[in-house]
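User: I have a model open and would like to talk through it with you. Could you take me through the main points?

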Amino acid sequence: MSTTQEAYTIAVLGAGGKMGMRVSDNLVKTGHDVLYVENSPAGQERTRAAGREVTELADAVADADIVVFAVPDLALGAVTAQVVPEMKSGSIVLTLDPAAAYAGLLTTRDDVIQAVAHPCHPSIFLQRQTPEEWADTFGGIAAPQDAIAAIESDDPAKQAIVEATVRAIYAPIIDVHWVTIKQLAQLEPTLVETVACMIGALLNDALNEAVNTMGVPEAAARSILYGHTQVALANGLRGDNPFSDACLIAMDYGRESIIKDDWKKIFRDDELDKNLARMLHLDHIER
């Protein structure tokens, strides 16, 4: 998929928030006409301190070819209810997380296109070259990353606008991978938050147990955990080296002790709905 080079108008809602500042810092480097919208006084102050002008919501939305909703998931229902009816025909709603879109919480219009994009973050296997790339673990500053995107349109021109915007807000970007909104929800949260982030937190819990309960010197515990985590990921995800026979036995014990036999149920549609309902503070998700 090639990206368009033609300039267009982008409105960033929540431009003074954490994610809004990240995407705005990158968009300001493009040749597009970018309009920054922020309601909170503190966010307006941050936006102006960065040298960017705050635009009124109605003015920004009326002119925008694509509106980037850099607002929390829990606010997307109310914000889209206010904004989408005011958007011009043929424009694009771009949210930065699939949860609310997949749950059907967003206000939609037949003549306004819905799209979602989420950063992959720099890979653990990325061949970083500079101190700035090593320091950028989140992405969007110096370390290259991929992004995942979904769009409910068959129009290649609209997809090109979304891809160009995604490449700008999450720059530097290597590849943009296109999936459906449901598939994106299966990746985020199920694959990366429910599994990968949970395991990351579990590693920290285990580290604290070794140090605080078992009395292992912290420097020793951190050194062996950090090194073995790299080996575990390289071997487990890429097959760089085989695990030893003794390690495989220990891994089986770990699975038996920690992992439930039915853990793969988290990828079922009904379990995804339950997970998203909890994340979005809903009783349930209607289909």
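User: What should I know about the model before we start?
Analyst: This is a predicted model, in which local features need pLDDT of at least 70 and side-chain atom pairs count only at pLDDT 80 or more, while totals for chains, interfaces and linings use all residues. Residues are numbered from 1 along each chain as its sequence is written, and side-chain values use heavy atoms, with hydrogens and water left out.

User: How many helices and strands does the protein chain have?
Analyst: The protein chain has 11 helices and 7 strands, where helices (H or I, at least four residues) and strands (E, at least two) are DSSP runs numbered from the N terminus. Its C-alpha atoms fill a box of roughly 65 × 45 × 40 Å along the principal axes, and 39% of the 287 residues are buried, which means under 20% relative accessible area, with exposed being over 50% and partly exposed in between (1.4 Å probe, protein chains only).

User: Which domains does UniProt place on it?
Analyst: The unreviewed UniProt entry places "domain: KARI N-terminal Rossmann" at residues 9–95, a span that is 43% helix and 21% strand, with its end C-alpha atoms 16 Å apart. The UniProt annotation "domain: Phosphogluconate dehydrogenase (decarboxylating) C-terminal", also from an unreviewed entry, covers residues 127–279; that span is 64% helix and 8% strand, and its end C-alpha atoms lie 34 Å apart. UniProt positions are in the numbering used here, feature names are shortened, and annotations may be inferred rather than shown by experiment.

User: Is strand β1 buried or exposed?
Analyst: All 5 of the 5 residues of β1 (residues 9–13) are buried, so the strand is largely enclosed by the rest of the structure. Both faces are covered, with Thr9, Ala11 and Leu13 on one side and Ile10 and Val12 on the other.

User: And which strands does β1 pair with?
Analyst: Strand β1 runs parallel to β2 (residues 33–37), joined by 5 bridges, and pairs in the parallel sense with β3 (residues 66–69) over 4 bridges; two strands pair if DSSP finds at least two bridges between them. On the β2 side, valine 12 stands opposite tyrosine 36 and isoleucine 10 has valine 34 as its bridge partner, while alanine 11 stands opposite valine 67 in β3. Strand β2 has 4 of its 5 residues buried, so β2 too is largely enclosed by the rest of the structure.

User: Switching topic, what residues line the second largest pocket?
Analyst: The lining includes Leu13, Gly14, Glu38, Asn39, Leu57 and Pro72, and its largest share, 4 residues, comes from helix α4 (residues 73–83). A pocket here is an open set of points on a 1 Å grid over the protein atoms alone, where a 1.4 Å probe fits, with protein on both sides within 12 Å along at least five of seven lines, and lining residues have an atom within 4 Å of a point.

User: Last one: where is cysteine 247?
Analyst: Cysteine 247 lies in helix α10 (residues 245–258) and is partly exposed, with a relative accessible area of 28%. The C-alpha atoms of cysteine 247 and cysteine 197, which are 50 residues apart along the chain, are separated by 23 Å.
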